[in-house]
Amino acid sequence: MDVSFLGGPLPQRGVGIVAPFDFALDRELWRWVPDDVSLHLTRTPFVPVEVSLDLARLVSEHETLREATRALCAVAPEVVAYACTSGSFVGGTAGERAMATAMADAGEMPALTTSGAMLDALREIDARRIAIVTPYTKSVTDSLEDYLDEAGIGITGRCYMGLTREIWRVAYRDVVDMAREAVVDAPDALFISCTNLPTYDVIPQLEAELRMPVLSANQVTMWAALRAVGKQAVGPYQALLDPVARRGPAAMTSTTGTQPVAHEADGLVEPEEQQVGHEPEAALAGAGTEPGDPLEGTPDLGYGHPGLPDEWGSGPQPPV
């Protein structure tokens, strides 16, 4: 059969991704990518260390990043991104810039990191005071807060899980629960840290409920990498990516006094799933925790008021 009339395949733009050895969310990254862009992933060498500050330092050593970038050069990406939040904030803002420079020099192409992309995204939406959600231990979460403080970003509230492994197994329900606890004192935005934490589908839900932009590690990484090659990330109802969402409830100021939406009605939890509340040192079954890591935040949250005017315009409504 002659298929020459098809004329394909379409030309592809390439984006290189350097990920930690335990990264498990390749499929999630692809969801932000338009059809004419290909992701080329490589991983850092395995080290027998659980998620911690020590691991963050090991997977972000300059020679490790250089070797991974040189390996990607064989497929000629136009930009390379280091998809690891803790690995790129553990050395502070100067350390993050040095990592990006090491990759750019090794590959002779533009390079960026998740933590650098996070700061760019916060500037893009003009967020100066944020709440943070992490799956990390207290020490790693503290390091993220130090990085943001150094960059001039204030933290209004935070919530963390204390996990040291298998972060990719965290359910959307747990991310929603942490977000509701972290959002206190009217932040400009919420940031969900860790590229191994699933977030794509939960972002529109949280923006509609919390009435503020919600950024995640994988989202900002892909937004920045695609922007570097002149492409736009795909993310309906995500304020960073969707102009309609940025003009709508995500731009409203959160208020206090209303109750959170029931889990069964938020579209993210199967009715038959059993509700599991977070406890100090909370973690998933089978996942390790660091002793003495309490969950931070308060249940006295603001989710917006149901009587606020609808600012979504005449387009489709956000998922709820």
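What share of the contacts in the protein chain with a separation of 6 or more comes from residues 24 or more positions apart? In this predicted model, such residues account for 77% of these contacts, a contact being heavy atoms within 4.5 Å. Residues are numbered from 1 along each chain as its sequence is written. Local features need pLDDT of at least 70, side-chain atom pairs count only at pLDDT 80 or more, and totals for chains, interfaces and linings use all residues, while side-chain values use heavy atoms, with hydrogens and water left out.

The protein chain contains 11 helices and 8 strands; these are DSSP runs numbered from the N terminus, with at least four residues (H or I) for helices and at least two (E) for strands. Of its 320 residues, 55% are buried (under 20% relative accessible area, 1.4 Å probe, protein chains only). The accessible surface is about 13,700 Å², and carbon and sulfur atoms contribute 52% of that area (Shrake-Rupley method, 1.4 Å probe).

An open sheet is formed by 4 strands in the order 6-5-7-8, with parallel pairing; two strands pair if DSSP finds at least two bridges between them. Strand 6 (154-160) and strand 8 (214-216) each have a single partner strand and stand at the edges, so one side of each lacks a neighbour in the sheet. From one strand to the next, the twist averages 20°.

Strand 5 (residues 129-134) pairs with strand 6 in the parallel sense over 6 bridges. Valine 133 has cysteine 159 in strand 6 as its bridge partner. Helix 10 (residues 217-228) lies across strand 7 (189-192) and strand 8, and runs at about 80° to strand 8. Axes are lines fitted to C-alpha atoms, for helices over the stretch in contact, and angles run from 0 to 180 degrees between N-to-C directions.

Key:
Buried < 20%, exposed > 50% of the residue type's maximum accessible area, 1.4 Å probe, protein only.
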